[in-house]
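Subject: Structure handover

Hello,

The structure is placed below. My notes on strands, backbone and side-chain contacts follow it.

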Amino acid sequence: MRTIRPLLAAVVAAFAFASALLFSAAPASAHDVAESTAPANGATVAEVPASVSITFNNRPLAIGSGVTVTAGGENWADGPVEIIDSQAVQKLRAGAPAGEYTVVWRVVSSDSHPIEGTFKFTATAGSTTAASGSAAASPSGSATSATVPSVGSAPPGTGSSAPAADASQPFPWSIVVIAAVAVGLVIFLAVTARKKLAASDDSEGPASAE
């Protein structure tokens, strides 16, 4: 029986290892997520903002990012996406019309995995953003500048803390593979221990009869 006890201890240890992989390793390997958007998903704003943004729980990589801001069948995004701290910011072209806008975004998270999502907002008035070079002519604190949401925030009453819509993440298959290997090890050790126990019982039977 002494030879069986180490095998049983190994089985218990392997089972504990597999449980630890399943319950603790998966959260550690989770990819970045979008925490909020500006404007918030489903919000109605007074006018088309100068930019839209997506805020993440970590800083995304400054490669492979793309944001389209579509209304009336036209993409109103202006220039490349800017990564500012944990935000992806996309400027909009001047003259964007009133109406419903659909924002489709895609970034590379801090763990090098691409993530993507979409959200919508409605503008009751078209963009009043001045053309390049004329913005300085507007007095500080004017109504025009006050209606443009600041980066990383949503217009009052739109619920900027709400999670971003339709954010997707790749499934962590590596964790599943590791867990499957660990479970297989548990099964193998259990079968081996049972065979050793059966062989030990067979060998001790004739000896005890004598």
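Strand β4 (residues 61-71) pairs with β5 in the antiparallel sense, over 2 bridges. Ala 71 has Glu 74 in β5 as its bridge partner. Two strands count as paired if DSSP finds at least two bridges between them. Strands (E, at least two residues) are DSSP runs, as are helices (H or I, at least four), and they are numbered from the N terminus.

On provenance: this is a predicted model, in which local features need pLDDT of at least 70 and side-chain atom pairs count only at pLDDT 80 or more, while totals for chains, interfaces and linings use all residues. Residues are numbered from 1 along each chain as its sequence is written, and side-chain values use heavy atoms, with hydrogens and water left out.

Sheet

The β4 and β5 pair belongs to an open sheet of 5 strands with mixed pairing, in the order β2-β9-β8-β4-β5. The edges are β2 (43-45) and β5 (74-75); each has a single partner strand, so one side of each is left without a neighbour in the sheet. In general, strands of a sheet pair through backbone hydrogen bonds, either parallel or antiparallel.

At the β2 end, β2 and β9 are parallel and share 3 bridges. Thr 44 has Thr 122 in β9 as its bridge partner. Thr 122 also stands opposite Glu 100. Strands β8 and β9 run antiparallel and are joined by 10 bridges. They form a hairpin with 5 residues between them.

Buried means under 20% relative accessible area, exposed over 50%, and partly exposed in between (1.4 Å probe, protein chains only).

Backbone

- Pro 39 is in the loop between β1 (34-38) and β2.
- Asp 85 has a phi near 55°, a positive value in a residue other than glycine. Asp 85 is in the loop between β6 (82-84) and β7 (87-91) and is exposed at 56% relative accessible area.
- Ser 112 is not a glycine either, yet has a positive phi of about 75°. Ser 112 sits in the loop between β8 (99-108) and β9 (114-123), and is exposed at 52%.

Salt bridges

There are 3 salt bridges in the structure, a salt bridge being a side-chain nitrogen of Lys or Arg within 4 Å of a carboxyl oxygen of Asp or Glu.

- Glu 74 and Arg 93 meet at 2.9 Å, N to O. Glu 74 lies in strand β5 and Arg 93 in the loop between β7 and β8, so the pair ties together parts that are 19 residues apart in sequence. Glu 74 is partly exposed at 35% relative accessibility, and Arg 93 is partly exposed at 27%.
- Glu 116 and Arg 106 have their closest N and O atoms 3.2 Å apart. Glu 116 is in strand β9 and Arg 106 in strand β8, 10 residues apart. Glu 116 is partly exposed at 37%, as is Arg 106 at 39%.
- Glu 82 and Lys 91 have their closest N and O atoms 3.7 Å apart. Glu 82 is partly exposed at 31%, and Lys 91 is partly exposed at 45%.

Aromatic pairs

How many aromatic pairs does a search of the whole structure find? It finds 2. Rings of Phe, Tyr and Trp (its six-membered ring) pair if their centres lie within 6.5 Å; planes under 30 degrees apart count as stacked, over 60 as edge-to-face, and the rest as tilted.

- Phe 56 and Trp 105 have ring centres 5.4 Å apart and planes at 80°, so the pair is edge-to-face. Phe 56 lies in strand β3 (residues 51-56) and Trp 105 in strand β8, so parts 49 residues apart in sequence are tied together. Phe 56 and Trp 105 are both buried.
- Tyr 101 and Phe 121 have ring centres 5.2 Å apart and planes at 5°, so the pair is stacked. Tyr 101 is in strand β8 and Phe 121 in strand β9, 20 residues apart. Tyr 101 is buried at 0% relative accessible area, and Phe 121 is buried at 1%.

Regards
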